[in-house]
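Morning, everyone. I have one model to show you today. Please take a moment with it before I start.

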Amino acid sequence: MTIDRLPDAARRLVRKYLQRLDLSIDDLWVTADRNEFQRWLGRRVSASIGGAYVFLPLPQKHAVLINLERIDLDQPRALEIVIAEELIHMRDWIDGDRRGHARHGYDRIATRVVDITGATFEEVRSPLLPVERRPWRYVYGCAACGLLIPRRRKGGWSCPRCAPRFDRRYQLEIVEYLGRDGH
Ligand SMILES: [Zn+2]
């Protein structure tokens with residue numbers, strides 16, 4: 001599903017590493033669209049990730065996200081590194097190895113990415129663009145205990161100190177507007 005909608009470079013690399021890792025394209029759902037990936041999963045994934053692998057039990061498919069907007073495409077091996085790594089996760093899942101990462105960029109998975117792509121450990125550790133953190137926009141406060149929490153966006157949260165789970169009675173309120181971003 002959907003491999004044909006990937007940009008050329010990504011599609012070529014997915015095919016290359018499916019073959020290298022002896023994986024079937026029939027079992028794979030792959031997308032460069034984070035919204036589509038989130039629909040497959042039924043939950044959100046962080047916008048900052050470069051790629052993701054999840055096995056979907058109901059359709060019995062391996063879902064892979066290649067989050068192009070986060071990958072540093074100026075680095076010649078960056079896209080290849082992300083794709084190889086996600087397909088190594090798929091290989092592991094099929095082989096029954098559910099351990100995941102011990103330490104991203106430094107573990108046995110990183111070693112395999114190095115082996116299979118010919119990239120250096122240095123490259124394997126840094127295929128992504130630096131995360132741009134937006135500035136704090138609001139200060140939320142708890143009327144019950146006085147806790148103050150900065151936030152980048154508006155939302156409905158309750159006080160983590162007063163309520164272990166979301167509880168409307170301890171909903172945080174905006175107590176201060178910080179400057180508009182960048183101005
Ligand atoms: Zn509180």
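I'll go through the domains, then the sheet, then the helices.

A word on conventions. This is a predicted model: local features need pLDDT of at least 70, side-chain atom pairs count only at pLDDT 80 or more, and totals for chains, interfaces and linings use all residues. Residues are numbered from 1 along each chain as its sequence is written.

Domains. The assignment gives domain 1 as 3–125 and domain 2 as 138–177. Those bounds come from an automatic or database domain assignment. The C-alpha centres of domain 1 and domain 2 are 37 Å apart.

Now the sheet. Helices (H or I, at least four residues) and strands (E, at least two) are DSSP runs, numbered from the N terminus. Two strands pair if DSSP finds at least two bridges between them. What is the strand order? It is β1-β3-β2, three strands in an open sheet with mixed pairing. β1 (28–31) and β2 (51–56) are the edge strands, each pairing on one side only. From one strand to the next, the twist averages 15 degrees. Angles here run from 0 to 180 degrees between N-to-C directions, with axes as lines fitted to C-alpha atoms, for helices over the stretch in contact.

Take the pairs in turn. β1 and β3 run parallel, joined by four bridges. Threonine 31 stands opposite leucine 65 in β3. β2 and β3 (residues 61–66) are antiparallel, over six bridges. There, tyrosine 53 is opposite valine 64, and glycine 51 has isoleucine 66 as its bridge partner. β2 and β3 form a hairpin with four residues between them. In that turn, glutamine 60 has a positive phi of about 55 degrees.

Is β3 enclosed or open? Five of its six residues are buried, so β3 is largely enclosed by the rest of the structure. Buried means 20 or more other C-beta atoms within 10 Å of a residue's own, with C-beta atoms placed from the backbone.

On to the helices. α2 (residues 34–41) lies across β1, β2 and β3, at about 155 degrees to β3. Contact means C-beta atoms, placed from the backbone, within 7 Å. α3 packs on the sheet too, touching β2 and β3, and its direction makes about 25 degrees with that of β2.

Of the 17 residues in α3, 14 are buried. Glycine 96 follows α3, with a positive phi near 85 degrees.

Notes:
A residue is buried if 20 or more other C-beta atoms lie within 10 Å of its own, exposed if 12 or fewer, and partly exposed in between; C-beta atoms are placed from the backbone. Two residues are in contact if their C-beta atoms, placed from the backbone, lie within 7 Å.
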